[in-house]
Amino acid sequence: MSEPSVKPPTILVIDDDAEIRYSLSRVLSSRQYQVLEAASGEAGIAHVKKGPPPDLVFLDVRMGGMGGIEALQHIRSINPKQLVVLMTAFGTAQTAIEAMKYGAFDYVMKPFDPAKVLALAENALKAHADLRAVGDYKPTINADDYREGIVGSSPVMQDVFKVIGQVTASDVTVMITGESGTGKELVARSIWKHSHRAAKPFIAVNCAAIPDNLIESELFGHEKGSFTGATGQRLGKFELCDGGTIFLDEIGDMALATQTKILRVLQAGEIQRVGGTETIKVDVRILAATNKDLEEMVKAKTFREDLYYRLNVVRIRMPPLRERIEDVPQIVDFCLQNLVKQKKARVAKVSAEAMALLTRHTWPGNVRELENVIYRSAVIAQGDAILVKDLPVEIRGNVALGAGEGSAPPLAVETATAPAAVHAVPAAQETPPGGTALTLEAALDVVFARLADDGPLLPQIEKALIARALAADGNDEAKAAKRLGLTKAALQKRLKE
Ligand SMILES: Nc1ncnc2c1ncn2[C@@H]1O[C@H](COP(=O)(O)OP(=O)(O)OP(=O)(O)O)[C@@H](O)[C@H]1O
Ligand SMILES: [Mg+2]
């Protein structure tokens, strides 16, 4: 038996302009690609339908007959995973937006810079290979395990879950501490949901968000005329929450006078409305949270010691995400499942390289930051998985765009016998004709659209340019510095940074 030959990736160029087809084919076949051509949207669709699908399609937007956007929709409905790059000489916001909306991998402006076209093809095929490699990824745990809404199998989180289980049977006050975004409110809700008070309300009050002069009225209500603006009687959260659970979030920000009144609720189970004389019995369980150091505050006499002991009967310390980094894959999985369920994203997987970066980050904003990163990445991801290129720059760090996904082997693809309107172009070995370069303005449009959400532009661009220059000069720092217009020392300084 003969060795199976590795077929070069196939690229289908769909354009009604023969000259564009010719020059694009020459550029692409200067590499190991096999190029096919189609002279209309209809012919291109016929080719994709007949299969096997090309690895990549370059598709013109303005053509006689069916336009590119319409052809794109047809092609993607035949093969939802088909990679398509749209090309146009007339960039408008609308076409660019529509192109991406209907699932194009990228959108480029004519005339092309051959080097850019080749880089684009390479990146696209790379993403294609990465998406395949993600393959049939299986979630780490099944939907049932996620019912709780709190995810984590690290020992520290298992301990948290155990304590939650222990405090649900009684009405004991629980103090939940931890950095911002670690899930304090989530834990409070979980305690309530599992308690005998689950059928009664859960009310969260953010003590830091309500001005001191209003918080008492918010918590305990007020009588008509008790202060300017109190035009009628109003019930406070404690009365509204009768039989339920109150979550006093950021309790370290509560004024001393109010602290005294909370102590009274805890000791006697009673309140008084602001401006009222009547004592009202309330049956409310109190859960509290803070990211402040209450012990220090007690020492500094800014937090009442007696209240501190009353609240701190059971303490749950939420570990920062960096202390339970092994939970990241599960939390990511959970976020993606939720996003898909809420129809906010279609992406359900993450490539191994992207996941590796996610588990290397230190997550100062904890789970909230992770959720945010996953949301942003899922929205811009084009296939069915988040790849390194989709991650925000603070996570991606120095990993170059399109080069982060490991070294995938070249694609082995079967090529079809070309239908009438589609013919294979013989691989030309000459260097491509020097096409007119993409204007700087057009290139910047793309850069702006791509990087706008990833933070300040200049540092991102500088980093990418330096990486490019080094790669172009085989990591020769002297040459790269010259290309960049820097002294070698200045380049080295930036590299160190
Ligand atoms: N273990 C977890 N599993 C899944 N989602 C989580 C987990 N921990 C936190 N989250 C999510 O992260 C976000 C932040 O959680 P939460 O609001 O409970 O944090 P917090 O500690 O109260 O933060 P802050 O101190 O800023 O108020 C929420 O959207 C929550 O659903
Ligand atoms: Mg909170």
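Let me start with the contacts: in the protein chain, of those with a separation of 6 or more, 73% are between residues 24 or more positions apart. Keep in mind that this is a predicted model. The protein chain has 497 residues, and 34% of them are buried. As for secondary structure, there are 20 helices and 17 strands.

Next, one helix pair. Helix α6 covers residues 155-167 and helix α7 covers residues 184-194. The two pack with their axes 9 Å apart, at an angle of about 40 degrees. The crossing of α6 past α7 is right-handed. On the α6 side, the contact is made by Val160, Ile164 and Val167, and on the α7 side by Val187, Ser190 and Ile191. By class, that contact has five nonpolar residues, one polar residue and no charged ones.

Which residues come nearest to ligand 1? They are Ser180, Gly183, Lys184, Glu185 and Val367, out of 17 residues around ligand 1. In the shell around ligand 1, six residues are nonpolar, seven are polar and four are charged.

What about domains? Domain 2, 161-318, and domain 3, 325-391, each supply at least three residues to the shell around ligand 1.

To recap the two sites: α6 and α7 pack through a contact with no charged residues, while the shell around ligand 1 has four charged residues and draws on both domain 2 and domain 3. That is what I have for today.

How values were computed. Residues are numbered from 1 along each chain as its sequence is written. Chains are lettered from A and ligands numbered from 1 in the order in which they are written. This is a predicted model: local features need pLDDT of at least 70, side-chain atom pairs count only at pLDDT 80 or more; totals for chains, interfaces and linings use all residues. Axes are lines fitted to C-alpha atoms, for helices over the stretch in contact, and angles run from 0 to 180 degrees between N-to-C directions. Helices (H or I, at least four residues) and strands (E, at least two) are DSSP runs, numbered from the N terminus. A crossing is left-handed if the near helix is turned anticlockwise from the far one by less than a right angle, and right-handed if clockwise. Two residues are in contact if their C-beta atoms, placed from the backbone, lie within 7 Å. Ala, Val, Leu, Ile, Met, Phe, Trp, Tyr, Cys and Pro count as nonpolar, Asp, Glu, Lys and Arg as charged, and the others, Gly among them, as polar. A residue is near a molecule or strand if its C-beta atom, placed from the backbone, lies within 6 Å of it. Domain bounds come from an automatic or database domain assignment. A residue is buried if 20 or more other C-beta atoms lie within 10 Å of its own, exposed if 12 or fewer, and partly exposed in between; C-beta atoms are placed from the backbone.
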